[in-house]
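Here are my notes on the model, for your review. Please read them with the structure open.

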Amino acid sequence: DQALADCTKAIELRDNYAQAYSVRADVYLDVERFSDAVEDYQRAANLLPDDDDVRVDLSHAMMKAGDNDGAIEQSEAAIRINPENAFAHNNLGAAYQNKQQYERSLTSFDRAIALDSGFLLPRYNRSDVLVSMRRDKEALETLDQAVDISPNEAQPYVRRAQTRLDLGDV
């Protein structure tokens, strides 16, 4: 509650303070007030129209709010601003995944991976899409790559184990 109050006070003092809107949106996301988060990220994006990271945050909040078309629009805007933003490509892929447009999502996840080979989230997302497409061997190969990249982290092993369990490959 205090973080929200602090941000609200900052906005009252300076209503064009993009960072205050962005941080308040982060708080709203944390407490699952997704439409409020979208509204504040949109305000931040209006104040910082050339900031690709704000658009990535907005696209994430839009997905949480169930607006995948809006998330696609904002991810594409972030990519226009900065074509090298792996997070924007990952969000674009996730929004397409939510719409069951799997080939488009794979293209976006592959681009995110190409831009940042150590970024594991697009690999996890890619694997999930491949399972949905019944391309189980490729899904496991994608998770093998995640383990190879981060052999000292637990999450890639758990993701691979869960996928194997889901596929009946125990």
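1. Basis. This is a predicted model, where local features need pLDDT of at least 70, side-chain atom pairs count only at pLDDT 80 or more, and totals for chains, interfaces and linings use all residues. Residues are numbered from 1 along each chain as its sequence is written, and side-chain values use heavy atoms, with hydrogens and water left out.

2. Overall fold. The protein chain has 10 helices and zero strands. Helices here are DSSP runs of H or I with at least four residues, strands are E runs of at least two, and numbering starts at the N terminus. In sequence order the pattern reads α-α-α-α-α-α-α-α-α-α. The C-alpha trace spans about 55 × 35 × 25 Å along its principal axes.

3. Burial and contacts. Of the 170 residues in the protein chain, 44% are buried. Buried means under 20% relative accessible area, exposed over 50%, and partly exposed in between, with a 1.4 Å probe and protein chains only. Take contacts between residues at least 6 apart in sequence: 43% of them join residues at least 24 apart. Contact means heavy atoms within 4.5 Å.

4. Helices α5 and α6. Helix α5 (residues 68-81) packs on helix α6 (residues 86-98) at about 160°, with the axes 9 Å apart. The pair is therefore roughly antiparallel. That label applies over 145 degrees; under 35 is roughly parallel, 65 to 115 roughly perpendicular, and the rest oblique. Axes are lines fitted to C-alpha atoms over the stretch in contact, and angles run from 0 to 180 degrees between N-to-C directions. The crossing is left-handed, meaning that the near helix is turned anticlockwise from the far one by less than a right angle. Contact residues include Ala 71, Ile 72 and Ile 79 of α5 and Leu 92, Ala 95 and Tyr 96 of α6. By class, the contact has eight nonpolar, five polar and one charged residues. Ala, Val, Leu, Ile, Met, Phe, Trp, Tyr, Cys and Pro count as nonpolar, Asp, Glu, Lys and Arg as charged, and the others, Gly among them, as polar.

5. Helices α7 and α8. α7 and helix α8 (residues 121-132) pack at about 155°, with their axes 9 Å apart. So α7 is roughly antiparallel to α8. Their crossing is left-handed. Among the residues that meet are Leu 106, Phe 109 and Asp 110 in α7 and Arg 123, Arg 126 and Val 129 in α8. This contact has eight nonpolar, three polar and three charged residues.

6. Cores. A nonpolar core is a set of buried Ala, Val, Leu, Ile, Met, Phe, Trp, Tyr and Cys residues joined through side-chain atoms within 4.5 Å. The largest has 29 residues, of which Ala 37, Tyr 41, Leu 58 and Ala 61 touch the most other members. Helices α1 (2-13), α2 (18-30), α3, α4 (52-64), α5 and α6 each supply at least two residues. The largest share, seven residues, comes from α2. A second, separate core of five residues includes Leu 106, Phe 109, Val 129 and Leu 130.

7. Ser 108. This residue lies in helix α7 (residues 102-115). Is Ser 108 buried or exposed? Ser 108 counts as buried because its relative accessibility is 7%. Neighbours within four places in sequence aside, Ser 108 contacts His 89, Leu 92, Gly 93 and Tyr 96.

8. Asn 46. Asn 46 sits in helix α3 (residues 34-47). At 54% relative accessibility, Asn 46 counts as exposed.
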